[in-house]
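Here are my notes on this model, for reading beside the coordinates.

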Amino acid sequence: MELVTTIIPVYNRAAMLREAVESVVAQTYRPIEIIIVDDGSTDDTGAAADALVREHAPFVRALHVEHGGPGPAREAARRVAQGDFVQHLDSDDVLLPRKFELQVAALRNAPECGAAYGWTRLRHADGRVEPAPWKRSGERIETMFPSMLTQRWWDTPTPLYRRSVIDAAGPWSTLSAEEDWEYDCRIAALGVRLAYVPEWVCEVREHAAARASGHATPAALRNRAAAHLSMLDSARRAGLDPASPEMQFFARELFHLGRQCGTAGLADESRALIDAARSISQARDIRVYQRVARVIGWRNAGRMAALRDRLRG
């Protein structure tokens, strides 16, 4: 039987960590290993991780690293993981008991596939559960590209990867925002085919505690800009047609993010994103914006566009 490794980065989230780990221990499939990476927590999370190691030996081990965000934490675990399959799990989500059983079987039956996915359940902070599979996890999709370029249509715990795919994708980045989407796009560039499991396999949960990314701060915008430019590189390596609907959609994403960066005073990031959008799109508004920004400056162009949007609203 092939070993499944689950990688769980965690930062200041002791109670939720226990639920995440116990959802993996409860899997009907064996053998498993769980690698908790305490990302420099400042509360009792490190001690909680060590307690889980003692409780669930020999399945669980813990690494303690300096705080660097989820990407470097996952990378620390990737380097020591022993599994034939790799599962990523955020510390605030849980796996359903038959996930590994179902998805390992799907990959055994489809040796041409590099990842298996199934239905993801969304639980709201008030306890309400969405009745339908979340995002596009309820659809049969053959390959990650081109659809992964328009949105990250699954969540971190949804797929189970073959270890060979993880190795081919290479190390996680140091990005602190959209690092998971950027990583998925690097995997997508490998031409990975997907095995679909039409069953509930995991649950993602909304809660009051802040997540690691998603804020429109200058630091987050810098990371999002780097992630988007990397995703475009992945799409080009995959040979996606610039005229395809997915690439044209992504051009608009680059354009809007470039304007946000300009408004935030991130001139270099704004220039790189708008130029990237222009390289795959002939849209008039992108052409005009690029010309204006080259004259009045990327920061001024972003702020002028934001003011115009507010006046229109």
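1. Contact here means heavy atoms within 4.5 Å. Leaving aside neighbours within four places in sequence, Phe-145 is in contact with Cys-185, Ala-188, Ala-189, Ser-234, Ala-235, Ala-238 and Leu-240.

2. On provenance: the model is predicted, local features need pLDDT of at least 70, side-chain atom pairs count only at pLDDT 80 or more, and totals for chains, interfaces and linings use all residues. Residues are numbered from 1 along each chain as its sequence is written, and side-chain values use heavy atoms, with hydrogens and water left out.

3. The largest nonpolar core holds 59 residues. (A nonpolar core is a set of buried Ala, Val, Leu, Ile, Met, Phe, Trp, Tyr and Cys residues joined through side-chain atoms within 4.5 Å; buried means under 20% relative accessible area, exposed over 50%, partly exposed in between, with a 1.4 Å probe and protein chains only.) Met-144, Phe-145 and Ile-187 touch the most other members. Helix α8 gives the most to this core, 7 residues. Another core, of 31 residues, lies apart from it; Ile-8, Cys-113, Ala-195 and Val-197 are among its members.

4. Where does Val-192 lie? Its place is the loop between α6 (179–188) and β8 (194–205). Helices (H or I, at least four residues) and strands (E, at least two) are DSSP runs, numbered from the N terminus. Val-192 is buried, at 7% relative accessible area. Beyond four places in sequence, its contacts are Gly-114, Ala-115, Glu-142, Thr-143, Met-144, Val-165 and Ile-187.

5. Now the helix pair. The axes of α8 (residues 245–263) and α10 (residues 284–296) come within 11 Å and cross at roughly 35 degrees. (Axes are lines fitted to C-alpha atoms, for helices over the stretch in contact; angles run from 0 to 180 degrees between N-to-C directions.) Ala-251, Arg-252, Phe-255 and Arg-259 in α8 meet Asp-285, Ile-286 and Tyr-289 in α10. By class, that contact has 4 nonpolar, no polar and 3 charged residues. (Ala, Val, Leu, Ile, Met, Phe, Trp, Tyr, Cys and Pro count as nonpolar, Asp, Glu, Lys and Arg as charged, the others, Gly among them, as polar.)

6. Strand β1 (residues 4–10) has 7 of its 7 residues buried, so it is largely enclosed by the rest of the structure. Both faces are covered: Val-4, Thr-6, Ile-8 and Val-10 on one side, Thr-5, Ile-7 and Pro-9 on the other.

7. Strands β1 and β2 (residues 32–39) run parallel, joined by 7 bridges. (Two strands pair if DSSP finds at least two bridges between them.) Thr-5 has Glu-33 of β2 as its bridge partner.
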